[in-house]
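Let's take a quick tour of some rings and helices. Have the structure open while you read, and look for each residue as it comes up.

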Amino acid sequence: MAPAVSFNVEAGASDFPAKLTKQVLVCSIIAAFGGLMFGYDIGISGGVTSMDDFLIKFFPAVYEKKHRVKEDNYCKYDNEYLQLFTSSLYLAAIVSSFGASFTSKKFGRKITIQAASVFFVLGAILNTAANDLAMLIVGRLLLGAGVGFGNQAVPLFISEIAPARYRGGLNICFQLLITIGILCANVINYGTSNMHNGWRISLGGAAVPALILLVGSFIISETPTSLIERGKREKGLEVLRQIRGVDNVEKEYEAILHATEMASQVNNSFKNLIQRSSRPQLVTSSILQVFQQFTGINVIMFYAPVLFQTIGFGSDAALLSAVVTGSVNVLSTLVANFAVDRFGRRFLLIEAAVQMLIAQTIVGIILAKYLKASNSMPDNYAVAVVILICVFVSGFAWSWGPLGWLIPSEIFPLETRNAGFFVAVSTNMLFTFLIAQAFLTMLCHMRAGIFFFFAAWIIVMFLYAVFFLPETKGVSIDEMNERVWKKHWFWKRFFDQDGK
């Protein structure tokens with residue numbers, strides 16, 4: 001039987017002395033530009049797919065359906081190639097994150113981040129110059145490689161350099177930059193929507209955050225853990241003193257050294273990942289990625305302009321509404337930056353699940369009642385839908401969005417950290433691909449019921465956070481097994497049997 005459930009379990013502050021140094025802040029912000037790349041792509045995709053010039057050039061069948069007077073509101077954008085444009089990136093990200101898990105371990109987090117920015121620049125160039133669908137998709141695949149490398153390395157990088165008591169807020173810089181990237185994309189889409197071939201400017205803008213990350217990556221320090229893991233102990237100790245701002249780092253250095261020695265005894269981290277004692281972290285990190293996508297958030301972020309046009313807004317109004325939701329996304333993620341290390345991870349996840357469930361359900365009811373196949377929704381209800389979507393987005397932005405990346409990056413021991421985080425990233429990309437590829441078809445067939453579909457998943461997420469997710473606030477990542485997993489009412493049984 002499960003014990004009584006509290007909404008916030010105090011994990012205890014780390015014993016390692018550390019200051020929040022300027023170097024840690026600068027390195028975290030620069031690395032988080034990997035999130036800006038990812039966010040920009042999420043935001044830009046839905047915007048350009050609502051632009052007539054883009055549709056005429058690459059998806060003429062969708063353009064014709066869009067402008068038919070009697071076309072079904074829910075089906076006008078249902079086209080497998082249009083969905084492939086959005087989702088192909090995530091197939092490449094799955095494959096590339098596997099490669100990134102090896103480069104991150106063998107060559108370091110820093111060079112993996114640099115590779116991410118190079119892939120992204122090349123993809124942006126191809127997309128900007130695209131003359132046919134094949135060239136467009138190849139560009140998307142290169143962008144996907146950049147996303148895979150960046151999403152594999154950046155959260156790990158930040159978690160490893162951040163002091164335990166500030167790790168949550170600093171790691172959420174990655175998610176904050178994702179939301180800023182989405183907002184920038186929405187603003188640029190709004191500005192280019194009425195320009196001839198404005199989609200080229202929108203797609204080419206992806207190179208800007210990638211170039212910033214590339215230049216900035218030469219400034220950041222490699223993480224002490226990565227240096228020590230690769231045999232550079234003296235350099236690792238030197239960097240640890242620099243980023244902690246204190247000389248007394250021996251205790252943390254010994255903890256990292258012990259973790260690297262344990263990791264060195266593991267010949268195959270992927271094989272070690274399937275051991276019984278790795279199951280709590282593996283299940284939790286993977287299921288959080290599934291839950292993150294089945295909130296329905298990327299449906300809204302990918303296809304916000306399309307969705308708002310579906311409910312009756314004009315093209316410009318739809319793009320402007322996407323800017324509004326993007327702004328809410330950024331501001332709400334700032335809440336997470338300050339709240340996550342104060343209230344803990346579980347409290348934010350549980351509160352937001354309730355908030356998102358209410359918003360999704362009401363949106364579904366409004367669409368079911370007022371949006372039929374060929375009518376326009378009354379203006380007051382259309383505005384209400386936008387407001388409710390903002391309520392939904394705000395809940396996601398201070399919880400399941402940033403914490404879906406933060407928690408997997410902090411719960412694995414070093415011997416399975418790269419492999420475990422690869423599984424988390426690839427799971428995220430896989431389900432992002434599935435949702436992106438299927439959404440427009442689901443919208444066509446399920447209509448308003450799609451919002452009830454996602455609402456049902458939010459109930460499952462709520463129950464998991466209440467009963468099965470331990471609190472990780474304030475715990476050093478190298479002490480996570482001893483102080484978190486082995487003390488959890490359910491997960492401790494996976495350690496008892498093999499004595500680890």
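Phenylalanine 291 and tyrosine 464 are both buried. Keep in mind that this is a predicted model.

**Aromatic rings**

- Phenylalanine 291 and tyrosine 464 make an edge-to-face aromatic pair, with 5.7 Å centre to centre and 65° between the planes.
- That pair connects distant parts of the chain: phenylalanine 291 sits in helix H15 (residues 279-294) and tyrosine 464 in helix H22 (residues 449-467), 173 residues apart.
- Phenylalanine 294 pairs with phenylalanine 431; their ring centres are 5.8 Å apart and their planes are at 65°, so this pair is edge-to-face.
- Because phenylalanine 294 is in helix H15 and phenylalanine 431 is in helix H21 (residues 414-446), the pair ties together parts 137 residues apart in sequence.
- Phenylalanine 294 has 11% relative accessibility, so it counts as buried.
- Phe291 and Tyr464 also belong to one aromatic cluster, along with Trp400, Phe468, Trp485, Trp489, Phe490, Trp491 and Phe494.
- The structure holds 31 aromatic pairs.

**Helices H8 and H20**

- The axes of helix H8 (residues 167-192) and helix H20 (residues 400-411) come within 9 Å and cross at roughly 130°.
- H8 and H20 are therefore oblique to each other, and their crossing is right-handed.
- Residues making the contact include Ile172, Phe174 and Ile178 of H8, and Leu403, Trp405 and Leu406 of H20.
- Sorted by class, the H8 contact with H20 has 7 nonpolar, 5 polar and 2 charged residues.

Conventions: Residues are numbered from 1 along each chain as its sequence is written. This is a predicted model: local features need pLDDT of at least 70, side-chain atom pairs count only at pLDDT 80 or more; totals for chains, interfaces and linings use all residues. Side-chain values use heavy atoms; hydrogens and water are left out. Axes are lines fitted to C-alpha atoms, for helices over the stretch in contact, and angles run from 0 to 180 degrees between N-to-C directions. Helices (H or I, at least four residues) and strands (E, at least two) are DSSP runs, numbered from the N terminus. Angles under 35 degrees count as roughly parallel, over 145 as roughly antiparallel, 65 to 115 as roughly perpendicular and the rest as oblique. A crossing is left-handed if the near helix is turned anticlockwise from the far one by less than a right angle, and right-handed if clockwise. Contact means heavy atoms within 4.5 Å. Ala, Val, Leu, Ile, Met, Phe, Trp, Tyr, Cys and Pro count as nonpolar, Asp, Glu, Lys and Arg as charged, and the others, Gly among them, as polar. Rings of Phe, Tyr and Trp (its six-membered ring) pair if their centres lie within 6.5 Å; planes under 30 degrees apart count as stacked, over 60 as edge-to-face and the rest as tilted. Buried means under 20% relative accessible area, exposed over 50%, partly exposed in between (1.4 Å probe, protein chains only).
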